[in-house]
Amino acid sequence: DPATIIDGGGQIRVLECTAGESVDTVFENLVIQNGFSMNGGGMYNASSSPMLINCTFTGNSAEFDGGGMYNLESSSPALTRCTFTENSAEYGGGGMSNTSSSPNLTDCTFTSNSAIGPFGSGGGMYNEFSSPTLTGCTFMDNSVVEDGGGMYSTESTLTLVNCTFTNNSADTGGGMYNTSSTPILTDCTFGENLARYGGGMSNAGGSSPTLDNCTFTSNSVEFNGGGMYNLDGSSPTLTNCMFMDNSATSIGSAGGGMYNESSSPALIGCTFTDNSSNEGGGGMYNENSSSPILADCTFTDNSASSGGGMSNGNSSSPTLTDCTFENNSVVFNGGGMYNDAGSSPDLTDCTFTGNSADFGNGGGMWNYQGTPTLTDCTFANNSAGYGGGMWNYQSPATLTDCAFTSNSVTGLFSR
């Protein structure tokens with residue numbers, strides 16, 4: 001355990017490196033607490049890159065940025081097994097704030113840090129024009145008023161491996177918020193994070209994160225995007241990622257697993273299971289000309305009012321290949337998929353099985369004023385009030401070599 005306590009008494013900054021210190025400057029087994037400054041209450045690094053091992057930052061605060069630590073001017077400190085807890089900043093980075101810097105963190109923990117001002121962002125970490133690298137780090141119970149409860153990044157390229165974001169909270173992006181940024185995440189987990197938009201992660205401003213083998217579980221939002229919220233032309237790439245038990249809970253909320261607004265992510269080998277929304281798109285909701293590309297993805301046991309597996313609206317036309325929609329359910333229309341207002345998805349080798357819309361239409365798929373194209377697709381054992389397999393209204397669908405087997409009409413509108 002850290003052995004030496006350095007206390008700022010709530011009056012002064014505790015540590016400062018501004019003379020070009022390198023990894024030859026080592027801080028080890030320290031408790032850095034109760035520091036206060038305009039920026040970097042606990043520690044301030046400018047054009048310096050010290051090494052920190054097994055240090056704890058607690059109870060530090062900043063009038064502006066970086067309650068626990070503030071890095072700027074190409075600082076690249078190396079931190080191993082360090083803990084940031086209950087630090088706060090008015091604007092950005094309750095735990096740590098990075099500006100034009102590239103810290104390297106291994107096995108570090110950010111817990112109960114906050115950005116407390118009315119525009120506060122990045123409860124655990126705030127990145128601006130920065131490229132941090134994090135391995136095996138944990139962000140838990142961090143909070144902000146605005147964006148990025150666990151982490152906020154703008155104009156940044158960051159790399160995260162085996163990191164965990166749990167029970168962080170924000171207005172947008174409970175776990176993580178990215179704007180004009182390109183993070184790379186591998187084997188990361190987002191669980192039980194809370195927000196109004198984007199419970200697990202929110203991507204804005206044309207952000208293009210890359211996620212491989214990441215998990216989004218039990219995140220929730222008041223409005224849109226329980227697991228992930230993409231907007232403003234953001235195009236994340238996800239491979240072998242899982243969205244499970246995420247939810248959008250309020251009246252009119254959408255996209256329990258993922259919500260895309262004017263955004264077109266690419267997904268390969270991803271699963272959406274047991275996600276739910278009050279309104280549309282239990283698994284995924286696509287809005288305003290969003291055209292995601294999906295291959296080998298599975299939507300199972302998701303639920304919503306409409307579009308249990310997926311909902312597409314306002315000229316959103318995803319492309320799906322080798323995807324499966326199974327046992328998704330809705331109160332009204334489109335058990336497997338709901339296409340509305342000029343949405344024209346293109347599906348090849350997709351399967352719709354056991355989906356239901358027992359009090360509405362289109363057990364497998366519901367189409368309104370669109371031109372969907374389906375090739376080599378199968379609809380089996382789906383059920384609805386009308387159109388057990390598929391329901392079309394003002395939608396000249398094009399179907400080639402498709403099979404409809406054992407679909408049924410049941411429930412209130414059965415005849």
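## Report on an all-strand chain

The chain holds zero helices and 60 strands, where helices (H or I, at least four residues) and strands (E, at least two) are DSSP runs numbered from the N terminus. Its radius of gyration, taken over C-alpha atoms, is 24 Å, close to the 22 Å that the globule rule gives for 415 residues, so the chain is as compact as a globular protein of that length; the rule is 2.2 Å times the number of residues to the power 0.38. This is a predicted model, in which local features need pLDDT of at least 70 and side-chain atom pairs count only at pLDDT 80 or more, while totals for chains, interfaces and linings use all residues. Residues are numbered from 1 along each chain as its sequence is written, and side-chain values use heavy atoms, with hydrogens and water left out.

Some values for the chain are set out below.

| Property | Value |
|---|---|
| Box filled by C-alpha atoms, along the principal axes | roughly 80 × 30 × 30 Å |
| Buried residues | 56% of the 415 residues |
| Accessible surface | about 13,900 Å² |

Buried here means under 20% relative accessible area (1.4 Å probe, protein chains only), and accessible areas come from the Shrake-Rupley method with a 1.4 Å probe.

Among the strands, an open sheet of five has the order β5-β9-β13-β17-β21 with parallel pairing, two strands being paired if DSSP finds at least two bridges between them. Its edge strands, each pairing on one side only, are β5 (36–39) and β21 (143–144). Strand β17 (residues 114–115) runs parallel to β21 and is joined to it by two bridges, with Ala 115 standing opposite Val 144 in β21.

Key:
Buried means under 20% relative accessible area, exposed over 50%, partly exposed in between (1.4 Å probe, protein chains only).
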